[in-house]
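Work through the exercises below with the sequence and the model side by side. Try each task before you read its solution.

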Amino acid sequence: MKCPYCSTLDTKVIDSRINQTSDITRRRRECPRCEGRFTTYERVEEVMPVVIKKDGRREPYARNKVWDGIQKACQKRSVPTQKIDELVNSIEKRIQSFGLKEVPSRTIGEMVMLELHRLDKVAYVRFSSVYREFRDVEEFVAELKGPPMPHDDSQSLAFPFASGPDSNTVASPTSTNTSQTQ
Ligand SMILES: [Zn+2]
């Protein structure tokens, strides 16, 4: 660990203790060159479950994808960046509370929609229209009345994350699939 005073790389641990809940190790360090002392804290990084994509593939959870999706939905709205951080934090906490090893990308998307609905109605409509890939307003209204029914017509993919080759954890508003099939 680099000395914060003189940048010497090789510092010594002179004391090491674990806190009461055994999840943080506090280390007292000393620099052999300038004799400066400082403290470091070590904790386990919080682990997010693996994301199951619509096509069944698994990928590591990526906070930035969720964040970007929300940020795009909130563009030109009076939503502070800090609010987006808080929103993503609360979603992550809830996902972690499930205690699962894997979570469907759909679940994450639906949690985002729920939070945006509370936060900013315009952002909510933007996010959900991209996310759900509605072809028209009627489909959107129908969606609000009840959960989507899975069907065999692969051309009319109203289900989340059924979009093109690049469908990620959160669909991006710039990649809206506008193809009309009927
Ligand atoms: Zn030093």
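Start with Lys76. Lys76 is exposed, with 7 other C-beta atoms within 10 Å. The model is a predicted one: local features need pLDDT of at least 70, side-chain atom pairs count only at pLDDT 80 or more, and totals for chains, interfaces and linings use all residues. Numbering starts from 1 along each chain as its sequence is written.

**Exercise 1. Loop residues**

Task: Where is Lys76 found, and what is its phi?

Solution. 
- Step 1. Lys76 sits in the loop between α1 and α2. Helices (H or I, at least four residues) and strands (E, at least two) are DSSP runs, numbered from the N terminus.
- Step 2. Its phi is positive, about 60°, although Lys76 is not a glycine.

Task: Is Glu35 buried or exposed?

Solution. 
- Step 1. Find Glu35 in the loop between β2 and β3.
- Step 2. Count neighbours: Glu35 has 10 C-beta neighbours inside 10 Å, so it counts as exposed.
- Step 3. Check the backbone. Glu35 is not a glycine, yet has a positive phi of about 65°.

**Exercise 2. The whole chain**

Task: How many helices and strands does the protein have, and in what pattern?

Solution. 
- Step 1. Count 5 helices and 6 strands.
- Step 2. Read along the sequence: β-β-β-β-β-α-α-β-α-α-α.
- Step 3. Of the 182 residues, 18% are buried.
- Step 4. Among contacts with a separation of 6 or more, 54% join residues 24 or more positions apart.

**Exercise 3. The antiparallel sheet**

Task: In what order do β1, β2 and β3 lie in their sheet?

Solution. 
- Step 1. The order is β1-β2-β3, in an open sheet with antiparallel pairing. Two strands pair if DSSP finds at least two bridges between them.
- Step 2. β1 (12-18) and β3 (37-43) each pair on one side only.
- Step 3. Take the β1 and β2 pair. They are joined antiparallel over 6 bridges. Asp15 stands opposite Arg28 in β2.
- Step 4. Look at their hairpin. It has 5 residues between the strands, and Ser22 takes a positive phi near 60° there.
- Step 5. Take the other pair. Strand β2 (residues 24-30) is joined to β3 by 7 bridges. Arg26 stands opposite Tyr41 in β3.
- Step 6. Judge β1. The number buried among its 7 residues is 0, so β1 lies largely in the open.

Task: Which segment holds Asp10?

Solution. 
- Step 1. Asp10 lies in the segment before β1.
- Step 2. Asp10 is exposed, with 10 other C-beta atoms within 10 Å.
- Step 3. Asp10 and Arg33 are 23 residues apart along the chain, and their C-alpha atoms are separated by 9.0 Å.

**Exercise 4. The mixed sheet**

Task: What is the strand order of the sheet with mixed pairing?

Solution. 
- Step 1. The order is β5-β4-β6, in an open sheet of 3 strands.
- Step 2. The edge strands are β5 (58-59) and β6 (102-104).
- Step 3. Strand β4 (residues 50-52) pairs with β6 in the parallel sense over 3 bridges. Val50 has Glu102 as its bridge partner in β6.

**Exercise 5. Helix pairs**

Task: At what angle do α3 and α4 pack?

Solution. 
- Step 1. Helix α3 (residues 105-119) and helix α4 (residues 121-132) pack at about 160°, with axes 8 Å apart. Axes are lines fitted to C-alpha atoms, for helices over the stretch in contact, and angles run from 0 to 180 degrees between N-to-C directions.
- Step 2. That makes α3 roughly antiparallel to α4. Angles under 35 degrees count as roughly parallel, over 145 as roughly antiparallel, 65 to 115 as roughly perpendicular and the rest as oblique.
- Step 3. The contact includes Val112 and Leu116 of α3 and Phe127 of α4.

Task: At what angle do α1 and α2 pack?

Solution. 
- Step 1. Helix α1 (residues 63-73) and helix α2 (residues 81-98) pack at about 130°, with axes 10 Å apart.
- Step 2. That makes α1 oblique to α2.
- Step 3. Among the contact residues are Trp67 of α1 and Leu87 of α2.

Note on methods. Contact = placed C-beta atoms within 7 Å. Buried ≥ 20, exposed ≤ 12 C-beta atoms within 10 Å, placed from the backbone.
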